[in-house]
Amino acid sequence: MTVDLFAGIAVREIGVAKAWYERFLGGPPAFLPNDEEAVWEIAEHRYVYIIEAPERAGHAVNTVFLEQLDPVIDAISARGIEPVERETYDNGVRKIIYNDPDGNEFGYGGGPAT
């Protein structure tokens with residue numbers, strides 16, 4: 001069974017958010033369904049999209065768990081975006097948290113550092 005996942009993030013202004021997510025995710029959207037949305041494919045059948053909805057902006061919380069966390073975090077830093085928080089749980093699992101310009105949380109998680 002194939003499952004497609006679309007994780008939506010409401011933003012105040014699509015242009016500002018699109019520019020930030022292009023830097024954060026490392027490239028342009030996979031497609032633009034309309035003037036108020038932009039969609040990135042972060043893995044096969046797994047998408048993150050932003051939608052201009054000012055009344056709902058700033059409340060999203062998303063976490064993507066990665067097998068290889070450090071290369072992704074290093075690449076984001078190289079593009080000029082730094083995390084707002086780094087967490088390490090008792091079992092060694094790590095979570096790196098970013099906030100977009102509207103305050104939406106986008107985190108990356110991974111196993112213990114090697």
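## Strands 3 and 4

Let's start with strand 3 and strand 4 (residues 46-52), which pair in the antiparallel sense over six bridges. Keep in mind that this is a predicted model. For a landmark in this pairing, look at Val39, whose bridge partner in strand 4 is Tyr49.

The two make a hairpin: two residues sit between strand 3 and strand 4, and His45 in the turn has a positive phi of about 70 degrees.

## Strand 2 joins in

Now go to the other partner of strand 3. Strand 2 (residues 31-34) pairs with strand 3 (residues 37-43), again in the antiparallel sense, over two bridges. Here Phe31 has Val39 in strand 3 as its bridge partner.

## A buried charge: Glu37

Next, pick out Glu37, which lies in strand 3. What is the nearest side chain of opposite charge to Glu37? That's Arg56, 8.3 Å away. A salt bridge would need the charged atoms within 4 Å, so Glu37 is buried yet has no salt bridge.

Glu37 does have a polar link, though: a polar contact of 2.7 Å joins its side chain to that of Asn34. Leaving aside neighbours within four places in sequence, Glu37 is in contact with Ile14, Leu32, Tyr49, Ile50 and Ile51.

Methods:
Residues are numbered from 1 along each chain as its sequence is written. This is a predicted model: local features need pLDDT of at least 70, side-chain atom pairs count only at pLDDT 80 or more; totals for chains, interfaces and linings use all residues. Side-chain values use heavy atoms; hydrogens and water are left out. Two strands pair if DSSP finds at least two bridges between them. Helices (H or I, at least four residues) and strands (E, at least two) are DSSP runs, numbered from the N terminus. Buried means under 20% relative accessible area, exposed over 50%, partly exposed in between (1.4 Å probe, protein chains only). Lys and Arg count as positive and Asp and Glu as negative; His and the chain ends are not counted. A polar contact is a pair of N or O atoms within 3.5 Å; within protein, one must be able to donate a hydrogen and the other to accept it, and residues adjacent in sequence count only if both atoms are side-chain atoms. Contact means heavy atoms within 4.5 Å.
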